[in-house]
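I opened my notebook to look up pockets, a strand and one record entry. I will write down what I find in order.

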Amino acid sequence: MNYEDILNKGLNKPQTVGVINPYDSSTIEAINQVLETTDQIQFKLYGQVESMSHFEDIDNEQIELNLYDHNEDALKACFNDLKLGQFDVLMKGLIETKLLLKKVINKEYNLIESGQLLSHIALFDIPTYEKPIWITDCAMNLYPDLDAKKRILDNTIESVFKVGYDNICVGILSATETVNPKLQSSVDADQLAKEYIDNEHIHIDGPLALDIAINKHAIEQKNLQLDTNGACDVLLVPSLDVGNVLYKSLIYFANANVSGILVGAKHPIVLTSRADSAQNKFNSLRLALSVQ
């Protein structure tokens, strides 16, 4: 599957996106890009009256405006509607991430089922890599233990299969491809890989150094025999700091395109930052629609 095929999959079926505080130009542009691409996606926009004037003159049946005197009222209404199942994907506009996440984890809205864990997945299109690659968790869980890594990986695998993969190769990253008792990430990777050994649709290796996960020549040089064979579709990083550095390195050094969403709740969440471009927000929104 190529990058655009994955992202466009969700545009071909009727879905509704709830957007809170769509005030910034990049979020507005991302919404407009979807509207120009398909008539299958509806938008429910929530925000303060005085900040939503740019939408009032738009005559488009795909947009529903929900206007409130205060941002707090808009946020509460948005989450009440999400709880009632009135939209499929939640998208963050100009609102503090911690404020949004506080609502997401609030038990009043029943968005996270028992045993589930919120995690971040990013899908990259890297010019120098032969296929799209999924990386998790680059933005949500700081230093996940073995149990948390299992749930993060489950979230990602579920999402990858939802977009149409039949079989996937997963690499669990560390600094080495051998287990070192003094390097916890290698110990966790070894244990985690064994959890999926009986699944014929998942080829998984760990621990793996990054070059071993994505480069067949590196495997040949070290004379390794691996199920993933240097062609991983999914990379699980050991911690947020590793993931964040890898994420930004691919964007700024490798000119990669990226889509990033939160999974683990009942609905995907587009949780981009204010610094993200309109294109990245458009990509992330399409990814959320594809995995829903």
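A pocket here is an open set of grid points where a 1.4 Å probe fits, with protein on both sides within 12 Å along at least five of seven lines. A volume is the space filled by probe spheres set on those points. I keep in mind that this model is predicted.

**Entry 1: the second largest pocket.** I looked up its volume, and the second largest pocket has about 190 Å³. Its lining has 13 residues. I noted those nearest its centre: E158, K162, V263, G264 and A265. Which helix gives the most to this lining? I found α6, residues 146–162, with four residues. By class, I read four nonpolar, six polar and three charged residues in the lining.

**Entry 2: the largest pocket.** I turned to the largest pocket, which holds about 510 Å³ of space. I found 21 residues in its lining, and Y247, L271, T272, S273 and D276 are the closest to its centre. Which elements supply at least two lining residues each? My list reads α5 (97–104), α10 (240–252), β10 (257–263) and α11 (278–291). Helix α10 gives the largest share, five residues. I sorted the lining by class: ten residues are nonpolar, nine are polar and two are charged. Domain 1 and domain 2 each provide at least three residues of this lining.

**Entry 3: strand β5.** I moved on to β5, residues 119–125. Is this strand largely enclosed or open? Buried means under 20% relative accessible area. Six of its seven residues are buried, so β5 is largely enclosed by the rest of the structure. Next I looked for its partners. β5 and β10 run antiparallel, joined by seven bridges. I picked out S119, whose bridge partner in β10 is V263.

How values were computed. Residues numbered from 1 in each chain as written. Predicted model: local features only at pLDDT ≥ 70, side-chain atom pairs only at ≥ 80, totals over all residues. Heavy atoms only, no water. 1 Å grid on protein atoms, 1.4 Å probe; cavity = no way out; pocket = protein on both sides within 12 Å on 5 of 7 lines; lining within 4 Å. Nonpolar A, V, L, I, M, F, W, Y, C, P; charged D, E, K, R; others polar. Domains from an automatic or database assignment. Buried < 20%, exposed > 50% of the residue type's maximum accessible area, 1.4 Å probe, protein only. Pairing = 2+ DSSP bridges.
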